[in-house]
Amino acid sequence: MKLSALTKVAAIGGLAALTLTSCAANESGTGNTADSGSTNSSLSGELVGAGASSQGSAQEAWVAGFQTTHADVTVNYDPTGSGAGRETFQQGASAFAGSDRAFKAEEVSAGPFEACAPDTGIVEFPAYISPIALIFNVEGVDSLKLDAPVVAQIFAGKITKWNDPAIAAQNEGVTLPDLNITAVHRSDESGTTGNFTDYLSAAAPSDWTVGSIESWPTEFGGEGAQGTSGVVEAVSNGVGTIGYADASRAGDLGTVEIKVGDAYVAYSPEAAAAIVDESPLEEDRTDHDLAIKLDRTSSEAGVYPIVLVSYLVGCEQYADAANAELVKEYFSYIVSEEGQKIAADAAGSAPISADLRAKIEPAIAAIS
């Protein structure tokens, strides 16, 4: 089998689209995407998606894996951001969306979703789970332990020195310098910011009073940086800096263990997946709308509460039957054990559990 891959720029509803394609020739098999040994498929056409950049590396891996078994399908995913992806999907310019939050219940009720058949609902479910790491750059310090109130006070500009007694009390034996703290945040609207502030709002409501927001409140000061790469660069190049970013990008920077119950938990894929499994589904949703109400205040052992849960969103019934077939097969591949392992290897994400997969599969099966 010969596999080639290319990335090109295309247009999706007037937006710049990252087109991720791979072509395979002389392949044979059954066409079951969950089986990497299956290489023959009757599917053909173009599948267009848009949304969360957090899924970018995972989407590249998913596209490449999916197209080894579906040589005549081209999958285009535009990682323009969660908000733009939701808007593109609602306008019918894409067949599916990636989003770092589920659609709000009132957004679903308001509709419309132009790619969907009239009077039908949406299918959405967690597909990409990633811990958000608190990264810092303080000479001589590799790891710190912090609870939610201290983290909130640091990012709200209330704690301004690294040797503040509130930090020192949780880090006995660590030599903390008399050094100003520079808290780095995303300057762009960001699902990562939304998930981080959702944690602060839930776990430290007295110290973080502005709620869960995707745009950083300017009154808190700090240093703004564009995108995940910008935050990592600002923390790496600064002195006394701290920021938040997808854990796969932490590199050699110092990282923070977060207090959960009476213990401190380091980020890991397993701990990130565990908090999702410990959290209930949101109420007042349809059977195929699997929005998770993350329990950021859980005291269960081994859970890491600062996570980004990124969703895939499609239609229960599509106006175009060709889209239904392609979306159904692609979504099935993504949530399969193979698809989740490929994403974990490519992007450092946390594979969904077997229990969550068992909830997702009937939702995908309902797509028509």
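## The loop between α3 and β6

Let's start with P112, which is found in the loop between α3 and β6. This is a predicted model, and in it the peptide bond joining G111 to P112 is cis, with an omega of about -15 degrees. That's worth a look, given that most peptide bonds are trans, just as most residues other than glycine have a negative phi.

D119 isn't a glycine, yet its phi is positive, at about 65 degrees. Its relative accessible area is 84%, so D119 counts as exposed, the cut-off being over 50%.

## The disulfide

How many disulfides does the model have? The count comes to 1. The partners are C116 and C315, with an S to S distance of 2.0 Å. In the loop between α3 (105-110) and β6 (122-137) you'll find C116, while C315 sits in strand β13; the two are 199 residues apart, so to speak a link between distant parts of the chain. As a reminder, this kind of link is a covalent bond between the sulfur atoms of two cysteines.

## The loop between α8 and β13

Now over to the loop between α8 (269-277) and β13 (307-315), where E278 has its place. E278 has a relative accessibility of 41%, which makes it partly exposed, because that label covers values between 20% and 50%.

D284 lies in the loop between α8 and β13 too. Here's another residue that is not a glycine but has a positive phi, this time about 60 degrees. With a relative accessibility of 76%, D284 counts as exposed.

## A patch of negative charge

Which residues gather in a patch of negative charge on the surface? They are D277, E278, E300 and D355. One of them, E278, is the partly exposed residue from the loop between α8 and β13. To qualify for a patch, a residue needs over 30% relative accessible area and no salt bridge, and E278, at 41%, is over that area cut-off.

Technical notes: Residues numbered from 1 in each chain as written. Predicted model: local features only at pLDDT ≥ 70, side-chain atom pairs only at ≥ 80, totals over all residues. Heavy atoms only, no water. Patch = residues over 30% accessible without salt bridge, like charges linked within 9 Å, V, L, I, M, F, W, Y side chains within 5 Å. Areas by Shrake-Rupley, 256 points an atom, 1.4 Å probe, with all protein chains shown as cover. Salt bridge = Lys/Arg side-chain N within 4 Å of Asp/Glu carboxyl O. Lys, Arg positive; Asp, Glu negative; His and termini not counted. Charge placed at Lys NZ, Arg CZ, Asp CG, Glu CD. Helix = DSSP H or I, 4+ residues; strand = E, 2+ residues; numbered from the N terminus. Buried < 20%, exposed > 50% of the residue type's maximum accessible area, 1.4 Å probe, protein only. Disulfide = S-S within 2.5 Å.
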